[in-house]
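Please look over the sequence and the model below, moving from the overall fold towards the aromatic side chains.

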Amino acid sequence: MVIAIDLGSNTFRVALIKKEQNGFSNEQIYEKIVGAARGLNESGKIGLEAKNRLFEAIAEAKSKFDFAKFKCVAVATEAFRVASNSEEIFSEIREKFGINFHIIDGQAEAKLTFLGVQNALKKLGINDKFSLIDIGGASSEIGEEGKFISFKFGIITFYERFKMLDLMQENAKIYTKEAREFLTSLDNRLIVLTSGVPTTIAALKLGLKNYESYDPKKVSGYELKNDDLAWFVNELLKMDDKSADLAVGRSRKYPLIAGTLLLKELLSGQNAKFIVIDDGLREGVGAAYLKGIFQEIITKF
């Protein structure tokens, strides 16, 4: 078994991954919103508040997982690729917590996410060819096996650039133009949606109205319809901030609206089935390590 960590531009996710006959499974999971990309547009750095939230999350994870018994493999993504103080933060983490983070590029991130999603689909009995959309906090990975592109837009950075609903609606199409064209060039009979936006939409549609009781097993396999996107935005707009914090997580309301607008543009005109999968980069890191290909993937790309 291995402890796999995905430090995204918004969320810190940890899992104890076990190898099984038919693939890989999560024995234990943990996640927390740390908002690493908040303020990144303006400062070019991971902010002090985000750093403090991250350190609190690592301390919590260390109290829940047996880091002394199991190997830990940790990756960090776009916010840390561009922030000027990433190495300083990771040096402090190594010293304080004994965890060594690999800052991976967009291609490696997409490949590892693909492995995590592929494993989850097999467990659901789905072996079809699929395309992948992973809208993160500061970047979005799109592609299919052997062909991935990482695009420089994400829900936190997009929201912080425009803030107002009408401005986000106006600019979502512009920001996703290249990504939409690339997605259209792929073989899209099945598009898998992973990351916080589609999983939260699925959770709310399934009646899981408390973020603290979110259940990834119920969410994975949900077939998302185009109508779900507008419905989700309307539901969030009807909620006051306190209700939204309870339903979808603290301070997530407006970034989730931003991400849904981006996703809506990406899926526009796609004649495909959309399946939501909770598993992603975290599970792919664990699977790649247990298959002995993790180092090859992060150095190849």
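This is a predicted model: local features need pLDDT of at least 70, side-chain atom pairs count only at pLDDT 80 or more; totals for chains, interfaces and linings use all residues.

The C-alpha trace spans about 50 × 45 × 35 Å along its principal axes, and within it the protein chain forms 15 helices and 11 strands.

Of the 301 residues, 55% are buried, while the accessible surface of the protein chain amounts to about 13,300 Å², with 47% of that area belonging to carbon and sulfur atoms. When contacts between residues at least 6 apart in sequence are considered, 72% of them join residues at least 24 apart. As for charge, the protein chain carries 42 positive and 41 negative side chains, and the centres of these two sets lie 3 Å apart.

Turning to the aromatic side chains, the count comes to 13 aromatic pairs when ring centres are required to lie within 6.5 Å. In one of these, the rings of Tyr159 and Tyr254 have centres 6.2 Å apart and planes at 15°, so the pair is stacked, the planes being under 30 degrees apart. The pair links distant parts of the chain, since Tyr159 belongs to helix α6 (residues 155–162) and Tyr254 to helix α13 (residues 253–267), 95 residues apart. The two partners are covered as follows: Tyr159, at 16% relative accessibility, counts as buried because the cut-off is under 20%, whereas Tyr254, at 32%, counts as partly exposed. Elsewhere among the aromatic residues, Phe80, Phe90 and Phe101 form one cluster.

Key. Residues are numbered from 1 along each chain as its sequence is written. Side-chain values use heavy atoms; hydrogens and water are left out. Helices (H or I, at least four residues) and strands (E, at least two) are DSSP runs, numbered from the N terminus. Buried means under 20% relative accessible area, exposed over 50%, partly exposed in between (1.4 Å probe, protein chains only). Contact means heavy atoms within 4.5 Å. Accessible areas come from the Shrake-Rupley method with a 1.4 Å probe; for residues, only the protein chains shown count as cover. Lys and Arg count as positive and Asp and Glu as negative; His and the chain ends are not counted. The place of a charge is taken as NZ of Lys, CZ of Arg, CG of Asp or CD of Glu. Rings of Phe, Tyr and Trp (its six-membered ring) pair if their centres lie within 6.5 Å; planes under 30 degrees apart count as stacked, over 60 as edge-to-face and the rest as tilted.
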